[in-house]
Amino acid sequence: MYPYYSYKIGWTLDPDDIAGIQKLYGIDTGKPDKPMPPVTMPPNMKCTGKFDTIIRTKDGSTYAFIGTMVYKLDGGNIAPGFPAKIRDIFPGLPNDLDASVFLEDIGSTYIFKGDQYYRLTNTKMDTGYPRHISVWNGLPSDLDAAFVWSGNGRVYFIKGDEYYWFNRKTGRVEDGYPRPLTVWPGLPSRIDSAMQWSNKRTYFFSEEQYFRFNDYLFTVDSSYPRSTVQYWVGCDEKARLEASNNVHNSSVVRALPGLFPILCSAVLSLNRLFNNIL
Ligand SMILES: [Ca+2]
């Protein structure tokens, strides 16, 4: 892998480059990537995209928490029975959560509030929780967000305008942290929630907007921020049409024969092509 590429006729990528691209974007199947389509809120619910925190669970589900309520985002629609009270879906979990992170290798979801944290397997609280946040040696209480960055697999926590790398091997916050959030180009000064989604991309949520991070260019993708309400909560028809157009555009690009090897030889252009796909 090199920091810079220029295109030459007949030149091909090294195998590790191709493997890295396919890890991020998947192997080309000739089919369009499926964007996250807008979902429909019940007519009696207020439409808001400001999440306290958003998580994934071992069974592949995605949940967004807002105050006392939780939304399950299932296959592009709100799952039957949602939005629902947190206490009804996640027994023992409090309202107004701070931050959360899913550790895929052990299948556990960790949720933080104040100076306490909770460990869950899917929606079920594991025995012996909550515990004090001091178990996470070096982390402060009252966190804002947490995530596993898809670029290196490390666990990061955000509080205010600073972030922490929690080193899972040593069991403590790494020396030299916290560092300023400005290290992550393109992110706003305040993050409400963050998540590595099932597509292995890392998303940051701030107020009513969200940002998708480009792990190769190490900055926010150029067509972001976008409206969380439109693309994740899905309250208006405009967003639905835009998502539909993105599927169509992706189909046209992917249908060109032999295009994928050429795209592999121009990594920066490839990333731009994905800018319109959620
Ligand atoms: Ca938060």
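1. Where pLDDT is low, the predicted coordinates should not be read in detail.

2. As for the chain as a whole, the average pLDDT is 77, and 66% of the residues score at least 70. The secondary structure comprises six helices and 20 strands. Of the 278 residues of the protein chain, 30% count as buried. Among contacts between residues at least 6 apart in sequence, 50% join residues at least 24 apart.

3. Which strands pair with β13? One partner is strand β12 (residues 155–159), which pairs with β13 (residues 162–167) in the antiparallel sense over five bridges. Strand β14 (residues 172–173) is antiparallel to β13 as well, with two bridges between them. Strand β15 (residues 179–180) is likewise joined to β13 by two bridges and runs antiparallel to it.

4. Phenylalanine 157 stands opposite tyrosine 164 in β13. Asparagine 167 is placed opposite arginine 172 in β14, while glutamate 162 has proline 180 in β15 as its bridge partner.

5. The hairpin of β13 and β14 has four residues between its strands, with glycine 171 in the turn at a positive phi of about 75 degrees.

6. The largest nonpolar core has 51 residues, of which Ala146, Phe157, Ala194 and Phe204 touch the most other members. Leaving aside neighbours within four places in sequence, phenylalanine 157 is in contact with Ala99, Leu139, Leu143, Ala146, Tyr163, Tyr164 and Phe166. In soluble globular proteins, nonpolar side chains tend to be buried together.

7. Strand β16 (residues 193–196) is covered on both faces. Ser193 and Met195 lie on one side, Ala194 and Gln196 on the other, and all four are buried. In a regular strand the side chains alternate between the two faces of the sheet.

8. Strand β16 pairs with strand β17 (residues 202–206) in the antiparallel sense, over four bridges. Serine 193 has phenylalanine 205 in β17 as its bridge partner. Five residues lie between the two strands of this hairpin, and lysine 200 takes a positive phi near 70 degrees there.

9. Where do the cis peptide bonds at proline 83 and proline 225 lie? The bond from phenylalanine 82 to proline 83 is cis, with omega near -5 degrees, and proline 83 belongs to the loop between β4 (77–78) and β5 (84–85). A cis bond also joins tyrosine 224 and proline 225, with omega about 15 degrees; proline 225 is placed in the loop between β19 (219–220) and β20 (226–227). Most residues other than glycine have a negative phi, and most peptide bonds are trans.

10. Aspartate 96, although not a glycine, has a positive phi of about 50 degrees; its place is the loop between α2 (86–89) and β6 (99–103). Aspartate 96 counts as partly exposed because 13 other C-beta atoms lie within 10 Å. Asparagine 122, again not a glycine, has a positive phi of about 55 degrees and is found in the loop between β8 (116–121) and β9 (124–125). With 14 C-beta neighbours inside 10 Å, asparagine 122 is therefore partly exposed.

11. Is aspartate 74 buried or partly exposed? Aspartate 74 has 15 C-beta neighbours inside 10 Å and so counts as partly exposed. Aspartate 74 is part of strand β3 (residues 69–74). Not counting residues up to four places away in sequence, aspartate 74 touches Ser61 and Ala79. Glycine 60 is 14 residues from aspartate 74 in sequence, and their C-alpha atoms are 9.2 Å apart in space.

Conventions
Residues numbered from 1 in each chain as written. Predicted model: local features only at pLDDT ≥ 70, side-chain atom pairs only at ≥ 80, totals over all residues. Pairing = 2+ DSSP bridges. Buried ≥ 20, exposed ≤ 12 C-beta atoms within 10 Å, placed from the backbone. Contact = placed C-beta atoms within 7 Å. Core = buried A, V, L, I, M, F, W, Y, C linked by C-beta atoms within 7 Å. pLDDT = per-residue confidence, 0-100.
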